[in-house]
Amino acid sequence: MILLSGNEAIAQGSWEAGAHIGTGYPGTPSTEAMECFAAKHDVYAQWCPNEKVALEVALGASAAGARVLVTMKHVGVNVAADPLFTAAYTGVGGGMLIMAADDPGMHSSQNEQDSRFYACSARLPMFEPADSQEALDFTRAAFGLSERFDLPFMIRSTVRVSHTLTLVRTGEREPVAIRDYTTDPAKWVMMPAYAKPRRTDLDRRVALLSEWVEECPFNRVEPPVTGERTAKAGCHDPLEAYGGSVPVAMTDAPGNAAGALTREKHAVGIICSGAVYQHVREAIPEATIFKLGVVWPLPQEALKGFAASVGRLFVVDEASDYLSSQVGALGIELERTPFPLTSSGELTPRLIAQAFGKASAPHRDAPISLPGRPPALCPGCPHRLVFKELARMKAIVCGDIGCYTLGALPPLSAMDTCVDMGASISMAHGFGLASSLRKVAPNRPVVAVIGDSTFAHSGISSLMNTIYNQGNGIVAILDNRTTAMTGRQGNPFNGQTLQGRETRELDFTALLLALGVQDVRVVDPHDSIAVRTALKDAALFDGLSVLLFRAPCVLLERKREEPFVVKDDCRACGACTTLGCPALSRAEDSGKAVIDASLCIGCSQCGQYCAFSSIVRSPTNGKGLV
Ligand SMILES: Cc1ncc(C[n+]2csc(CCOP(=O)(O)OP(=O)(O)O)c2C)c(N)n1
């Protein structure tokens, strides 16, 4: 057995199931799943510019007979939603698994939407594992089931499952041949004449799925944990761990003879799934648990049987009412917890115990007195001076999603909006429209700020719209040659594929000119005067200007030069610390600038903002640091 994260387990399970191809777009907490899959032998994997493209490439490969894994974070499912819904109609050729990684608690996301609603509304079967072994087992099963039911399968992970290491028993790769393709427009051409029969056929496939889910081994009922059994709760095999946990099919759901669990009326029953199951098991060991591994479709009859077998029935759900609304819709009566369970954010055993009126959980959560570590742009980050200058010119900044979103935080505080990937350019256009309708020339320039990966993801279509509709203003593209925020993945602008092949690098300037931008300037973002001048000139330009701020992310090259030092004549004005560099602070007593030499990479940004030339490169031996 080995330790794997949920993401690694999904990669491993896909590989074991003989998946041939992987496609995706990075996004926390999903990213490592595709990176790990790409590192396996006998597979092909690619990053796509966005999730919609990733799903469409996957659908094409599946139609042509390959088994395909597609990965994205929850908000990526919104981007992929168009092909997602119709993929339920077409079905698959080779088996297809779509991983949606949710982020309850919003550790690194702009919302905490629940992807299970997508599965329900697109009518696609969805697994939800509670640990890495389940992530592997469910994944491994999904590809064959996808072929059997002619439907893409989905697997929902949450940050706790994706990023927690648990023990896993791995297996061998199943040799799976790529299926033959034969032209079948009635299945693959979704125009109304063909889509209508496929819509009816979807009902047929879902009906079969609903029968299967009543009997499948992925849902189980677990009796209360007591004494000795509790000690074994870390064990994966439920029967071994709980000395009597049974797959749903063996309980006395109607039509099932076993009847073991309903003979005595258990006091408390809880329905739950995923990581929440682990918390419930820990917080309420005395409960009988209906642990769902398939969260759509629900095993309706088995759930009704379970409801009849317990005295009091609860659903514990995280940041969503997905399960309670779905179970409630079956006519099953649910009780509310005695004390309210938080409706947003991640659950913990302590929160669950409190909701059930229990004083404390077996474990205490991490102490809350940890020192705060607000996120900040790295020392030497090429995004920093652009925000410093935007703040100086009091621009209205429509921001976007990437490392540069940190430009919204103090001390830079230079962002007015940030909603979703690609929104910067379209929202800036909207700002421009509103001010032109008010017939007031804006006294603050409107600037859209977007990174290279985000521009490729969805910024290009926004820019096309601005140009088509004769918008003006400034678009600042922060081209740091990578998708930095999610761990430096390749993108169409940096010439590297996921599996390390060199590829044609999209020519930014040529693309912008081809789109019809008349004023394109390439600017060095480490040069404060160049940044200031470019922004000023663009603000005066009568039309749309695109400024391409181009310098590699510091984590790509990891160059370090001699650090800067503060001379004794520092006037303690604090101007340098308004850059928000983690290497810079002020001495508590004198207020003078202090540079942490272990963090400073010698980028010179702070030196450029010292009006008294008190910040200079260290006059050491000129040999540079290690
Ligand atoms: C629809 C969607 N997909 C994926 C993500 C995850 N994500 C956040 S920012 C980002 C890209 C950042 O790259 P870039 O725009 O180049 O900016 P950088 O971080 O390099 O500064 C990604 C993939 C997301 N937030 N939304």
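1. Start at the ligand. One of the ligand's oxygen atoms sits 2.9 Å from an N or O atom in the side chain of Asn480. This is a polar contact, meaning a pair of N or O atoms within 3.5 Å; within protein, one must be able to donate a hydrogen and the other to accept it, and residues adjacent in sequence count only if both atoms are side-chain atoms. The side chain of Asp452 also has an N or O atom 2.6 Å from a ligand oxygen. Ala484 takes part through its backbone: a polar atom there is 2.8 Å from an oxygen of the ligand. On its own the ligand has 590 Å² of accessible area, and the protein covers 97% of it. Such areas come from the Shrake-Rupley method with a 1.4 Å probe; for residues, only the protein chains shown count as cover.

2. A word on the basis. This is a predicted model, in which local features need pLDDT of at least 70 and side-chain atom pairs count only at pLDDT 80 or more, while totals for chains, interfaces and linings use all residues. Residues are numbered from 1 along each chain as its sequence is written, and side-chain values use heavy atoms, with hydrogens and water left out.

3. Which residues come nearest the ligand? They are Glu51, His383, Asp452, Thr454 and Ala484, out of 26 residues around the ligand. A residue counts as near if one of its heavy atoms lies within 4 Å.

4. Next, Gly490. This residue is in the loop between strand S17 (473-479) and helix H19 (508-515). Helices (H or I, at least four residues) and strands (E, at least two) are DSSP runs, numbered from the N terminus. Not counting residues up to four places away in sequence, Gly490 touches Trp47, Thr483 and Gln496. Contact here means heavy atoms within 4.5 Å.

5. Gly94 is in another loop, between helix H4 (74-90) and strand S5 (96-102). Is Gly94 buried or exposed? Gly94 is buried, because its relative accessible area is 0%. The cut-offs are under 20% for buried and over 50% for exposed, with partly exposed in between (1.4 Å probe, protein chains only). Leaving aside neighbours within four places in sequence, the contacts of Gly94 include Ser62, Arg67, Glu147 and Arg179.

6. Now the aromatic residues. There are 14 aromatic pairs. Rings of Phe, Tyr and Trp (its six-membered ring) pair if their centres lie within 6.5 Å; planes under 30 degrees apart count as stacked, over 60 as edge-to-face and the rest as tilted. Phe138 and Phe218 have ring centres 5.3 Å apart and planes at 80 degrees, so this pair is edge-to-face. Phe138 is in helix H6 (residues 132-149), while Phe218 is in the loop between helix H9 (192-215) and strand S9 (220-222), so the pair ties together parts 80 residues apart in sequence. Both Phe138 and Phe218 are buried.

7. Gln133 is buried, with a relative accessible area of 5%. A polar atom of the Gln133 side chain lies 2.6 Å from the backbone nitrogen of Arg169.

8. Last, helix H1 (residues 6-16). Ten of its eleven residues are buried, so H1 is largely enclosed by the rest of the structure. Among the buried ones are Asn7, Gln12, Trp15 and Glu16. Just after H1, Gly18 takes a positive phi of about 80 degrees.
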